[in-house]
Amino acid sequence: MDPLSWGAIVTQILIQFTPVWVALIVLFTVSIRYKRRLGLYGKLFDSLVGMIGFALVMFWVFTAIFAGIFDLISTHDPLAQISGMKNKVPGTPVRGAEEGEFAHYLFGGDKLARDVFTRMVMGSTVVIAIAPLATLFAFMVGITLGLPAGYYGGKLDTGLSFLANLILAFPVILLFYLLVTPEIVATGLPQFMAVVLFICPVVFFAVLIHSRFQTQPNKNALWLSVVLVPLVLLYLSLINESGSKIDFWPLDLFDVPGGTLVVFVSVVFVNSPTVFRIVRGLTLDIKTRDYVAAAQTRGERAWYIMLWEILPNARGPLIVDFCLRIGYTTILLGTLGFFGLGLPPESPDWGSTINEGRKLLAVYLHPALPPAMALLSLVLGLNLLADGLREESLRD
C-alpha cells in the first residue's frame with residue numbers, strides 16, 4: 001500500500017471530522033436563526049471575532065464529544081503500538097491492517113509507534129473534561145466567598161482577602177507544580193483540599209434556592225431536596241476514594257483517577273483567589289447602586305440581594321473572565337503535561353504529547369506539531385470568544 005499524499009491526508013482528515021462539521025453547521029444555523037431570542041449568547045453572532053472564537057471552541061467541544069463518547073473520529077486506539085510505525089511520517093500505511101481497520105497513520109507515528117492523529121483527537125477529551133468544569137468550580141468558590149466579602153466588608157473581608165493574597169503571592173506555575181508533586185499527593189493534601197473547595201457549590205446552590213423561596217416553605221423544601229440531594233451525593237462520591245485517606249462513603253457513584261483529581265483540585269485552588277478578588281471588586285461597586293438600595297428598603301435579606309440583585313448585574317465581566325480563565329487553565333494543563341506531572345504518563349493530553357514529541361523536533365516535526373496547534377487553536381478561540389462577549393456585554 002502506498003503512502004498518502006498531503007492532499008489525500010487533508011481530505012481524509014476533513015472526512016474524519018464530518019460529525020463535527022455537521023454539528024457546527026446545525027448549531028450556527030439554529031443560533032443565527034433565533035439569535036434575537038437568545039440574549040447575550042445571541043448577540044455574540046453580531047460580532048465576527050466572537051463568531052470565529054465560538055467556532056474554534058465548539059469545534060474542539062464537538063470533537064471531544066464525538067471522539068470520547070461516540071468514538072466517531074479516532075482512527076486507532078490512542079494507546080495501541082503497531083509494529084514498524086515508530087516515528088513514521090504522516091500518511092504512512094499501517095502494516096498488516098485488517099479489514100475494517102483504518103489503513104494509515106494520518107499524522108504519522110510517535111516514538112512509541114502510536115497514532116499521532118488519534119492522540120491529538122483524544123487529547124481534546126482530557127482538556128474539555130477538566131478545564132471548563134474545574135474553572136466552573138473555581139467560580140463557585142470565588143463567588144461564594146467574594147459576594148459576602150464585598151457586601152459585608154469589615155473583618156470578614158479583611159480575613160478572606162488576606163488568604164486570597166497569600167495564595168496569589170506564590171507564582172502560579174510554582175504553586176501548581178508543588179500541588180501535583182508525588183510527595184505532596186502522598187500526604188493526602190489534595191484530597192483534604194477537595195473536601196473544603198468542593199463544598200462551595202453545594203453551599204452556593206443551597207443559599208441561592210433558600211434566599212429565593214424563603215417566603216414559600218413548600219417550594220423551598222421541594223427545590224432544596226431536588227437540587228441538594230444529587231449535589232451532596234456527587235460531592236461525597238467526588239471526595240471519597242477507595243483505599244485513600246478519605247474512604248468513608250459506601251455509596252461511591254464513580255471513581256475519579258487520582259491524577260485527574262489532583263489536577264482538578266489544583267486548578268480550582270489556583271484560580272479561586274483571582275475569581276474571589278474579581279467578584280469582591282464587582283460587589284463593592286454594585287452594592288452602591290440605586291436598585292440595591294431599593295431592595296434594602298423593601299426589607300430583602302442580605303443573601304437575596306447578593307445573589308439576585310448584585311450577581312446578575314455582574315454577569316458580563318464574569319462571563320468574559322470565565323472564557324479567559326478556561327484558556328489559562330488549558331495552558332496550565334498543557335504545562336503540567338509537558339513536565340510529566342498530574343495526569344498519567346500514557347494520557348493523550350496535549351501537553352504530554354508535545355513533551356514526548358519535542359525530544360525529536362530536530363528530526364521529526366509531526367509528533368509535536370499537531371497537539372501544539374490544537375492547543376493554540378483552542379486557547380485562541382477562547383480569547384476571541386472572550387473579546388466578542390466583552391464587546392457585546394458593553395453594548396448590553
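Colleague: Which helices each supply at least two residues of the lining of the largest cavity?

Modeller: This is a predicted model, in which local features need pLDDT of at least 70 and side-chain atom pairs count only at pLDDT 80 or more, while totals for chains, interfaces and linings use all residues. Residues are numbered from 1 along each chain as its sequence is written, and side-chain values use heavy atoms, with hydrogens and water left out. Helices here are DSSP runs (H or I, at least four residues) numbered from the N terminus, and a cavity is a set of points on a 1 Å grid over the protein atoms alone where a 1.4 Å probe fits but cannot get out, its lining residues having an atom within 4 Å of a point. The helices asked for are helix 5 (116–152), helix 15 (315–338) and helix 16 (350–358).

Colleague: Which helix gives the largest share of the lining of the largest cavity?

Modeller: The lining consists of V126, V127, T330, L333, G334, L343, D349, W350, G351 and L375. Three of these residues are the largest share, and they come from helix 15.

Colleague: How many residues of that lining are nonpolar, polar and charged?

Modeller: Ala, Val, Leu, Ile, Met, Phe, Trp, Tyr, Cys and Pro count as nonpolar, Asp, Glu, Lys and Arg as charged, and the others, Gly among them, as polar. On that basis the lining of the largest cavity divides into six nonpolar, three polar and one charged.

Colleague: At what angle do helix 5 and helix 15 pack?

Modeller: Axes are lines fitted to C-alpha atoms, for helices over the stretch in contact, and angles run from 0 to 180 degrees between N-to-C directions. The axes of helix 5 and helix 15 lie 9 Å apart, and the angle is about 130°. Helix 5 is therefore oblique to helix 15, given that angles under 35 degrees count as roughly parallel, over 145 as roughly antiparallel, 65 to 115 as roughly perpendicular and the rest as oblique. The angle asked for is about 130°.

Colleague: Which residues line the second largest cavity?

Modeller: About 30 Å³ of space lies in this cavity, the volume being the space filled by probe spheres set on grid points that are joined across faces, edges and corners. Helix 12 (258–286) and helix 14 (302–313) each supply at least two residues of its lining, which divides into seven nonpolar, one polar and no charged. The lining residues are L147, V279, L282, T283, I310, L311, A314 and L318.

Methods. 1 Å grid on protein atoms, 1.4 Å probe; cavity = no way out; pocket = protein on both sides within 12 Å on 5 of 7 lines; lining within 4 Å.
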